[in-house]
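Trainee: I am new to this one. Please show me how to read it.

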Amino acid sequence: TVVLEITLPFLIYFALTTLAYGIFGWEWFGLGILLNFVLLKTVLIHELGHCAAAKIVGGSVSHILLWPLGGLAYISTEDASAKGDLFVAVAGPLTHAPMLAFWALMLYATSGKVDLMGTVDGFLPVLCREACWIQILLFCFNLLVPAYPLDASRVLVSFLAMCRVSMDAAATVVIAISVLLSAALIAYGFWVVNFMTVFVGAWCLAETSKVYTLKAAGRLQEHPTFAKYQRQTSGPTWTVQAV
């Protein structure tokens, strides 16, 4: 059984974004409510994908937390190999493929075409098209932006573990890439006036600073992502914690 925890800030974010849609009229208000529920369901299924994969590789699951920046699955894969951790990392983003297929089918059923770039008329076609974009954007964001601790960074760490890169070198790579991408997210968020992107970038930067602080103090093995890294990369089985 996986416990679902929804934070108060998430509910506040849900309400505020819905009200923002409502500025444009009642139809947009209804669209905002439904799109927020689509986003909630999408994030939940994404995290359940991580949980299911963790169970498959012999890990355990504590709970799922939904907060304004998305979802967090609290899992432990202490006995999993690096390949197992890689599987856990990509399992979440891969859930967007069937969800995209579902919403694309719904878009075709309601509008007679699947056109994500052009204009569509009608409440349901717009809802389905926006739901399609939610799947595409979340898939790309999670697998193409390796800012720690996003899924792509977990894929990177698992790959480095499989290649037997030392713990210190792997942390250096992760920190360097994450700092650059986190800064880019913050700058882009300010450029397009999207403060959610700014918050995500700031959160990634804060989490990366924790890795850097422990590395600078020579205590990198105390960080959950690298706790089992060193002993496993020196043996026949290579593992890394997927948090």
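Mentor: We go from the overall fold to the cores.

Mentor: This is a predicted model, in which local features need pLDDT of at least 70, side-chain atom pairs count only at pLDDT 80 or more, and totals for chains, interfaces and linings use all residues. Residues are numbered from 1 along each chain as its sequence is written, and side-chain values use heavy atoms, with hydrogens and water left out.

Trainee: How many helices and strands does the protein have?

Mentor: Helices (H or I, at least four residues) and strands (E, at least two) are DSSP runs, numbered from the N terminus. Here there are 9 helices and 3 strands. Their order is β-α-α-β-β-α-α-α-α-α-α-α.

Trainee: What share of the residues is buried?

Mentor: Buried means under 20% relative accessible area, with a 1.4 Å probe and protein chains only. Of the 243 residues, 44% are buried.

Trainee: Which residues have the most contacts inside the largest nonpolar core?

Mentor: In soluble globular proteins, nonpolar side chains tend to be buried together. A nonpolar core is a set of buried Ala, Val, Leu, Ile, Met, Phe, Trp, Tyr and Cys residues joined through side-chain atoms within 4.5 Å. The largest one here has 14 residues, and Cys51, Leu66 and Ile75 have the most contacts inside it. Two or more residues each come from α1 (8-22), α2 (26-56), β2 (60-67), β3 (70-76) and α3 (82-94). The largest share, 5 residues, is from α2.

Key
Buried means under 20% relative accessible area, exposed over 50%, partly exposed in between (1.4 Å probe, protein chains only).
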